[in-house]
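Open the model in your viewer and switch to a cartoon view. We will go from stop to stop, selecting a few residues each time.

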Amino acid sequence: MESTRTLDFIRAMVLEDLQSNRHSGRLTTRFPPEPNGYLHIGHAKSICLNFGIPQEFKDQAPAGARCNLRFDDTNPTKEEQEYIDAIKRDIRWLGFDWGKDEYYASDYFEQLYEWAIKLIKEGKAYVCDLNAEQIRQTRGNLTQPGTPSPYRDRSVEENLDLFARMRKGEFPDGSRVLRAKIDMASPNLNMRDPVMYRILHAKHPRTGGAWCIYPMYDYAHGQSDSIERITHSLCTLEFEDHRPLYDWFIEQLGIFPSRQTEFNRLNLTHTVVTKRKLRTLVEDKHVAGWDDPRMPTLSALRRRGYPPAAIRGFCDAVGLSKREQLIDLSRLEYHVREELNRTANRVMAVLDPLRVVITNYPAEQVEEMEAVNNPEDPEAGKRTVPFSQVLYIEREDFMENPPGKFFRLAPGREVRLRYGYWVTCTNVIKDDDGNIVELHCTYDPQTRGGDSPPDGRKVKGTIHWVSAAHAIDAEVRLYDTLFAKEDPNDVPEGGDWLDNLNPESLKVVHGAKVEPSLKNVEAGGTFQFERLGYFCVDVDTEKSTALVFNRTVTLKDSWGKSQKQP
RNA sequence: UGGGGAUUGGUGUAACGGUAGCACGACUGACUCUGGAUCAGUUAGUGAAAGUUCGAAUCUUUCAUCCCCAGCCA
C-alpha cells in the first residue's frame, strides 16, 4: 500500500533544504521548553515535530540529524529544577530521546555577554536608565511611534562601563537595562529598541548566584540556536513578529544563521493549553495538581491512562499549517481508543451493582468460566472468572419497563451473561420505597460459557457481571471535560474563563465491584472494563484499601447516545 | 487604528491553473458472546464581489472576518 500523504509545509521545507544541500547534509532541530511549568498536549505537538523530523529525514541527512533538548532558562524568577525534571520525564515517556544533546540557555550566558559587548562596541546596544514604566510610555503604541530614550546616545565607553557594573551587581533590580539600538519608529514593536538584559538579583536553578543580569528571550533564543547550529528553529505563530529581531541579532553578530519557521499552536476543545492558565488551575486548587487526570498536561494524561503512542498518533494526525487550530477532543479520544483497543486486556467490572440471585443455580457451586483477554490480540491469552449463584450486574442493564430498543435485562426477558450463562429474569424484589434491590433469575445449563443453546433460540443482549462472593471492591473516578464549553475562553463580557469550569468533571464511584483477576494490579495498568470503557489503575491505589481506577475514556456508546436524543 | 499572519464540510487537513480528496464527528445498514471492534454506505465545504483564463480553491484587485504584537515573560 503506497502512502501518498503530502508533506506539510515544514517538512517540505526541510526536504528542500536537504536536497539543495543548504546545510551540507546536516539537520538539527531543537525543543526549547522554559522550565516554569509542566508540559501539556500542545507541547506534545512541538515535541513530535521537532524530534520526529530528524528521525524521518535521517536517511537524507548524511551529516547527521538530531533534535536538541534545550531549556530556555533565562528567567530565574519563574524557573525551578522540579520543572526541568518533570519535562525530561514527560519527553521520555512520550517516546523521545535527546541522547547527550541536553543543553541550557544558561550554558551560554558568558558567550551571550561577550556578544552583547560586541554590539555595544559597534554602537548597536546601549544601557538605558529608564524604568519599566518609562520604557513602556516611550515605546509608543500600535499607531504611534516611540520616542528615543534620553540614554540612547551614550558613548561606547560609558555603556561598556555601565554594563560591566550591571553584571557586577552595583545596581538594583529594574534600575537599568541593556537595549538594542534599532528603530523606535518601527511598525513592529519588537524592533523599538528591545530590552536585551535586565537586572535580576535572583538565584538561578543552574547558575546559582553567578549572574545578576539575565538575557531576555529575544536576545537568548536565536543566539542559542546559532551556537547549537540549529538548522530549523520551529516555533509557534505568535513568534512571527519576533522573526525580524531574531534575524537582526544573528546578522549583526555575523554568526551561524539558524532560521525560524512558525507553525500553528494546538488548541483542544473543552480545555486550556497555556501554562499560565494551567498554573492558575493548580495554584487556585481547581484541580488536585499538575497531574490531576482532568488536566491536559502530559503527566496528567499519563496518569489518566493515555498511551504515549496515542498522543503521538494524534499529534501526527492533526497536521500543521498556519491557521488557528482548535481540535475537537473526540480526535484525541479516537487515537486513545484505537491504541487501547489493540492493547488493553478486557475485564469485567460493575460500577453500580444490582444484586442478582440465580434461583436454580446450586448455592454452593462455583464454576471457573473461561474468558478471552483481548479479542483483538490472540497473544493476550485467556483467564477464568468465577461464576456463582449470587452476582452483581450493572443497575442500568435492567429496566422494569423497557422501551423498544432496550436489549438488556427486563422482567421475563433472557440475556446472555458474558462468558457465563443465559439467564431469564423471573422476579423483581423491591424495598418499601419501591426501589429495586434484587433480581431473581433462572439460568439455562445448556448455555455454559455463554454459548447458544441447541434449540437455536437467540438473545439480543449480552451484559457483564461479577460474582458477588469473589468480587473486589474498587473506587472508580469518572472524568468528564474540565470545561463545559468547547472554548473555555468564550465568556460573556464581565465573565471569567473559570466560570466555564465543568462542576461535573469528576465523579467518584465508591463500591464498584471488579472481577478477582484484578487483585494484584499495579499503578498504571490499563484495562477495558467490558462495555464501559478503558480504565487505568491510579497511583492512589497504593495508599487505599480499595483499588482505585481512573476512567481513561468511555467506549463509544450508540445506545447511550440514542437515549440522549430528544 | 500601525505591523504581522490566516480564511476549503461541524472540526482539522490535502489539492500549487485541469474530476475539491482524506481523517475525526454525525447519520444508515451489515456483522458481532462488548449496543465495543470490524465492514459497507450517506451527509456536508472553497468568506464575498469583480477580473484574467478554454478552465480558478489556486493568479489579480477590492471588501469582509478571525488571530497575534504595546512584559525588564517565553
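How many bridges join β1 to strand β2? Keep in mind that this is a predicted model. Select residues 65–71, which are strand β2, and residues 27–31, which are β1. There are 5 bridges between them, and the two strands run parallel. Now find Phe31: opposite this residue, in β2, stands Leu69.

**Stop 1: the sheet around β2**

You now have an open sheet of 3 strands, ordered β1-β2-β3, with parallel pairing. Strands of a sheet pair through backbone hydrogen bonds, either parallel or antiparallel.

Next, select residues 41–56. This is helix α2, lying across β1 and β2. Its direction runs at about 160° to that of β1.

**Stop 2: Thr28**

Stay in strand β1 and pick Thr28. Is Thr28 buried or exposed? Its relative accessible area is 2%, so Thr28 is buried, because buried means under 20%. Show its contacts, leaving out residues up to four places away in sequence: Thr28 touches Arg66, Asn68, Glu228, Arg229, Ile230, Thr231 and His232. Then draw a distance from Thr28 to Ala61. They are 33 residues apart in sequence and 9.7 Å apart in space, C-alpha to C-alpha.

**Stop 3: β8 and β9**

Select residues 232–236, strand β8, and residues 259–263, strand β9. These two strands pair in the parallel sense over 5 bridges. Cys235 stands opposite Glu262 in β9. Follow the chain from β8 to β9: the path goes through helix α8, residues 243–253, and this β-α-β crossover is right-handed. Why is β9 largely enclosed by the rest of the structure? Of its 5 residues, 4 are buried, so the structure largely encloses this strand.

**Stop 4: two helices**

The crossing of α7 past α8 is right-handed. Show side chains at the contact. From α7 come Asp218, Tyr219, His221, Gly222, Gln223 and Asp225. From α8 come Leu245, Tyr246, Phe249, Ile250 and Leu253.

**Stop 5: Thr271**

Move to the loop between β10 (266–268) and α9 (275–283), where you will find Thr271. Thr271 is buried, with a relative accessible area of 12%. Beyond four places away in sequence, Thr271 touches Pro296, Phe483, Glu486 and Pro488.

**Stop 6: the sheet of 7 strands**

Which order do the strands of the open sheet of 7 take? Trace β12-β25-β26-β27-β23-β24-β13; the pairing is mixed. The edge strands are β12 (345–347) and β13 (349–350), each pairing on one side only. Select residues 506–514, strand β24: β13 and β24 pair in the antiparallel sense over 2 bridges. Ala349 stands opposite Val514 in β24.

Finish with helix α12, residues 329–343, which packs on this sheet. Helix α12 touches β12, β25 (526–529), β26 (533–537) and β27 (547–554). The directions of α12 and β27 make an angle of about 120°.

Notes. Residues are numbered from 1 along each chain as its sequence is written. Chains are lettered from A and ligands numbered from 1 in the order in which they are written. This is a predicted model: local features need pLDDT of at least 70, side-chain atom pairs count only at pLDDT 80 or more; totals for chains, interfaces and linings use all residues. Side-chain values use heavy atoms; hydrogens and water are left out. Buried means under 20% relative accessible area, exposed over 50%, partly exposed in between (1.4 Å probe, protein chains only). Two strands pair if DSSP finds at least two bridges between them. A crossover is right-handed if, with the strands pointing away from the viewer, the path from the first strand over the helix to the second runs clockwise. Contact means heavy atoms within 4.5 Å. Axes are lines fitted to C-alpha atoms, for helices over the stretch in contact, and angles run from 0 to 180 degrees between N-to-C directions. A crossing is left-handed if the near helix is turned anticlockwise from the far one by less than a right angle, and right-handed if clockwise.
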